[in-house]
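Visitor: I have the structure open and would like to talk it through. Could you guide me, please?

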Amino acid sequence: MPDKQAKNWSAEIEAVYLREGRELWALLYAQCSDSDRAYDALQEAFVRLQNQEVKSIRNIRAWVLTVAQNWLRDYARRQNHAAKPADFLDNIVGKPADPSEDLQKNETNSRIRQALQQLRAEDREVLVLRYALGWSSKRMSIALNTSTSAIDMRLSRARKRLCEELEKVGIDHETV
């Protein structure tokens, strides 16, 4: 690759990282529940992207996400690690709450995490994109390379499975 073309490619990669990096990291974090591992996967994907030919990739964002997800899967196979709950996310800064309310809230959050861990990775992915990142079905369909109606169906099924898992751990819709 000529020097000028390499500089343009590096600038394009940097722009993608600055524009998309946070959301890509969130998607990876949803898959592995480990912020450092998600960051490592993202960095590995961008390093591999740096070595790719400019013309061989149509959608850089989708390519990076796929490579990073594959890296996470390979890492999990090598290390035989399961996803771990992220307890620190439950600690939200604000006015002090009643200790009994905190205890109940922590127990409920623990049960919700337990239910989420029982879902397939694909179900967690669409739920995180919709409810944690606020993505529309159209945006998700572009990122996941599928149709909007397929995304809506996946969301519907994921919500249904989550509801079933929540019921198994003793949480109904009024508790949440």
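Visitor: Is arginine 111 buried, partly exposed or exposed?
Guide: Arginine 111 counts as partly exposed, because its relative accessibility is 30%. Buried means under 20% relative accessible area, exposed over 50%, and partly exposed in between (1.4 Å probe, protein chains only).

Visitor: Before we go on, what sort of model is this?
Guide: It is a predicted model, in which local features need pLDDT of at least 70 and side-chain atom pairs count only at pLDDT 80 or more, while totals for chains, interfaces and linings use all residues. Residues are numbered from 1 along each chain as its sequence is written, and side-chain values use heavy atoms, with hydrogens and water left out.

Visitor: Back to arginine 111, then. Which residue forms a salt bridge with it?
Guide: The partner of arginine 111 is glutamate 107, with the closest N and O atoms 2.9 Å apart. A salt bridge is a side-chain nitrogen of Lys or Arg within 4 Å of a carboxyl oxygen of Asp or Glu.

Visitor: Where do arginine 111 and glutamate 107 lie?
Guide: Both lie in helix H4, four residues apart, about one turn of the helix. Helices (H or I, at least four residues) and strands (E, at least two) are DSSP runs, numbered from the N terminus. Glutamate 107 is partly exposed, at 41% relative accessibility.

Visitor: Which residues do salt bridges that share partners join into one network?
Guide: That network consists of Arg19, Glu20, Glu23, Arg61 and Arg139. Within it, the side chains of arginine 19 and glutamate 20 meet at 3.3 Å, N to O. Glutamate 20 is buried at 12% relative accessibility, whereas arginine 19 is exposed at 57%.

Visitor: How many salt bridges are there in the whole structure?
Guide: A search of the whole structure finds 13.

Visitor: New topic: at what angle do helices H5 and H7 pack?
Guide: Helix H5 (residues 121-132) and helix H7 (residues 148-168) pack at about 105°, with their axes 9 Å apart. Axes are lines fitted to C-alpha atoms, for helices over the stretch in contact, and angles run from 0 to 180 degrees between N-to-C directions.

Visitor: What does one call that arrangement of H5 and H7?
Guide: H5 and H7 are roughly perpendicular to each other. Angles under 35 degrees count as roughly parallel, over 145 as roughly antiparallel, 65 to 115 as roughly perpendicular and the rest as oblique.
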